[in-house]
Amino acid sequence: MKDSAFRFCNRAAVKCAFILIALTAAPVSAALAENGIAPLNYFLHSYGPASTPAMYLGWVLVALLLIILAVITLLLIRAVFRKRSSEETLIIKGEAQGMRWIYIGTAISTGILFSLAIYSLVTLNIIARPAQPPALTLTVTGYDWWWKVEYEDDDPARRFVTANEIHIPVGQAVLVKLKSADVIHAFWAPALAGKTQMIPGLINQKWLQADTEGVYRGQCTQYCGVQHAHMGLEIVAQNTADFRKWQDAQRKTAAMVSAFDVDAGRNLFLDRCAGCHTIRGTGAVGAHAPDLTHLKSRRLIAAGRLTNTPEHLAEWITHAQELKPGARMPSMALTAAEISGLSAFLSTLN
Amino acid sequence: MSNASQSTPGLNLTRVPDVGSAPIGSAAEIRLAQLWETAPGWRGWLSTVDHKEIGIRYLVTAFIFLLMGGTEALIMRLQLARPDQTLLTPEQYSQLFTMHGITMIFLYSAPMLSGFSNYLWPLMLGSRDMAFPRLNAISYWFFLFAGIFLYASFPLGQAPNAGWFDYVPFAGLDYNTGPNIDVYALGMVLLGISTTVGSINFIVTLFRTRAPGMSINRVPIIVWGTFTASVANVFAIPSVSLVFFLLWLDRQTGTHFFDVVNGGKPMLWQHLFWMFGHPWVYAVVLPAMGIVSEALPTFCRRPLVGYSAVALSTMATMLLGFGVWIHHMFATGLPALALSFFGAASMVISIPSAVAVFAWIATIWLGRPVFKTPFLYFAGFVFLFVVGGLSGVMTAAVPLDFQLNETYFVVAHLHYVLIGINVFPVVGGIYYWFPKFFGRMMNETLGKWSFWVMFIGFNLGFFPMHLSGLLGMPRRIYTYAPNMGWNTVNMITTLGSFIFAAGILIFLANVFISLKRGAIAHSNPWDAPTLEWAIPSPPPAYNFTVIPFVASRHPLWEDRLDEGSGRSILDKGYLLMEGRETIGTTPLDAKPDIILKMPGDSYAPFLLALSTSLAFAGLLLHWRDFTALMSLACTLSLTAWMWPSKALVQCVPDINQDKGAAHG
């Protein structure tokens, strides 16, 4: 009877091991194949000195810990299935035996853990501050459920505000001050730096740097309410010339285009949207929602929910509560004429 | 040693108890049964203080909460199976993940282990009940009422929705106006009473009610787990009760502890919550590790390797566990120096766990495994423990945790810890002690099926979560876009979680089938070494006909141990039958010290817990008069509880003389 139980275990264990290996390999390959790259994948992709040392730390840890897991699992399987001599089945061995297992096992574990502790503290020290003082300072404030971005400058006239899309010059350290307007959020752009909470009443600081031009996805990672899932942002790293150009464009107030439908759209905006949104250069100075002065220059809308196309914009304005249920943005009931006027006006916000 | 009282001169007793034997069926045994029996029907049901009855209630209630929390998880997994699903609204999802966390962490994992300890401790320690039977009863009633309280707003669609961690200001009145958070805050204060009195009871029970001769180095190893967790609870629970009470004050009386506009500090919440939260993690795993350390050796046919090392590592884990709470807050912007300290401490805490792992492997290696269902659960547990421990090392590395924190990697880690180290030992433990609980064996075939389905389903469901975490999937999102690279992993996780749930259902079916048709179990079906297996299955109300005398760690294996061992005496000892009595012994050496007069069944615990819970309900609903009335009812119940009774006098005659004896 004992024998059959043994065989059952053995067979099932082998089967189980196979299934496990197959099933862990499958998602890795599938996930990699799925879209080429998962935009928040920080384990394989890092593009700046604030995150790359942590990525290497991750590789070392995963490799080492997988080896340890394999060794201990083999020991366990061996311990369970190893052949035993058939004698003295009734005698129960004493307690004192086997202490060597604990001594050796604990000694090795302690050595590894201390080395890892030192390695991780050294890494922490490396990423704690940038090699050169930051060239640019900006303040990001978390709101339910979007990001306000303020670019600082010694000259107040050169400061400006935007939302949900951060541009940075490539190869330069950027200091980010983190604030919250309501509840706790967390700022996370994994390819450039780890996450930091944005806590009301406190100003946290972090730095990040992109060494390669590109667009990096960010995401709120502290549960902040019903639309926590849709609180994304993008960081656009540009060469210095492009970055300067972008900055200059953002500093300008909205261009005053005059056409029949644009005027109608502007009036509608001032009437219905200006309580929350600001468009610099117009009467819209609301402070509860993203600054839309240069809305058309952004790649995404609704904090990363949709790409910035005229169709999506119209859909967002009229169906916000279906796209982001619970968001502060209401679904506006507009006639077709109103929508086309509003679209025409918004498309002027370069 | 035939008469223990002779070996301890200066016995601190009102009388010298009779020594003798009382075989089943003798006049003495019948008298004992009459003394300890609980009245039949609802009267007995509401008034019993029998630790076995209370233990089973704990197990059943906690298991029902496990099924509720599990159902919530499965609904969430359906929502997450594919991108952009609309099965749940965001608000429903928030309430589900909050209630899932509250249920599993507070209403399942700790109460489940309390159930084991309540049932088993007096049987293992050779006592007739816990030190404070009525406190034991009230800790169950408080647990039950707090559980109902926490779920009261669920059917109204107003369940707590700010996560089990309940961070302010999101949990404050400005962002959460409904009754959700008040329910959570008051429910937690209520549940805190249950855990606190339960813990105190365990501590005193360990130190005062062991059988004579069971010196502190002879207690069964499982006792160390629950004892350590209980001591920790006494220090950790005040922190969480306080923090929820402060939140309730903020919300209802306009104080400003967490109110940013008026100088309140959201970080205060995080610190107080995790000062409790991290020790709590160990409080819900150490007793479960104790189950394995206790029962695994039975199936390896040898004692646990390194009893003292494992006991000490249990306590070391807990001590260190009070110094690592910041690792839940690595991303809050604390200075690097503080992070370094807590990061290093979080690495060091793995060392005592390594001691336990190697002790278990050595025990299996040097033993002769018997492949019964409980053994499968315990061996499987060792693997899951190692996975959970190693992923814990990754999250302890501060710079890496800046990335891992608040992603599904942490979800994977904590489920390997809580399911691997709590659910697997618990289910294995039920298979192991089921014959003792109910006098019937559980079905082996179904048992093996339940293990393999659970084990495969669990790893299939939760291992890929590590990957979704590394792919950047944040926690607590109700949906995700299809282009994030998380589609396949989430589908696999959902499949695995349903397979795991099927394993739990097979186990449940096995319980019901075995209750009716299981083979009859004799007193020691596994040939186990500890005292609970020396008495009939199921145990009689009085537990032991005579209080045993214990001379070794393995009273039932003494004949066969190849190294010398003392001889315990199980069939002859203190009779103690002038009312409900058991023996009180000294804390370290377990010398007989006092005859403990145990209280009879009483309605007072039920009434006190009920009136307190109703007073809390009154606070929740702002019914002032009702709250006042219920507070009065509390006072009356307490008075009834404390009313002096001549039968319970613990009289010690001459203090001066006894002082000398106690130190003698």
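Let me begin with Trp145(A), which sits in the loop between β1 (136-143) and β2 (146-151) of chain A. Helices and strands here are DSSP runs (H or I over at least four residues for helices, E over at least two for strands), numbered from the N terminus. The model is predicted, so local features need pLDDT of at least 70 and side-chain atom pairs count only at pLDDT 80 or more, while totals for chains, interfaces and linings use all residues. Residues are numbered from 1 along each chain as its sequence is written, with chains lettered from A and ligands numbered from 1 in the order in which they are written.

I turn to the backbone. Most residues other than glycine have a negative phi, and most peptide bonds are trans. The bond from Asp144(A) to Trp145(A), however, is cis, with omega near -5 degrees. In chain B, Ser537(B) and Pro538(B) are also joined by a cis peptide bond, with omega about -10 degrees. Pro538(B) belongs to the loop between α17 (487-517) and β2 (547-549) of chain B.

Next, positive phi values. Arg301(B), which is not a glycine, has phi near 55 degrees. Its loop connects α9 (266-300) and α10 (307-321) of chain B. Glu406(B), likewise not a glycine, has a positive phi of about 60 degrees, and its place is the loop between α14 (398-404) and α15 (408-438) of chain B.

Are these two residues buried or exposed? A residue is buried if 20 or more other C-beta atoms lie within 10 Å of its own, exposed if 12 or fewer, and partly exposed in between, with C-beta atoms placed from the backbone. Arg301(B) has 19 other C-beta atoms within 10 Å and is therefore partly exposed. Glu406(B) is buried because 23 other C-beta atoms lie within 10 Å.
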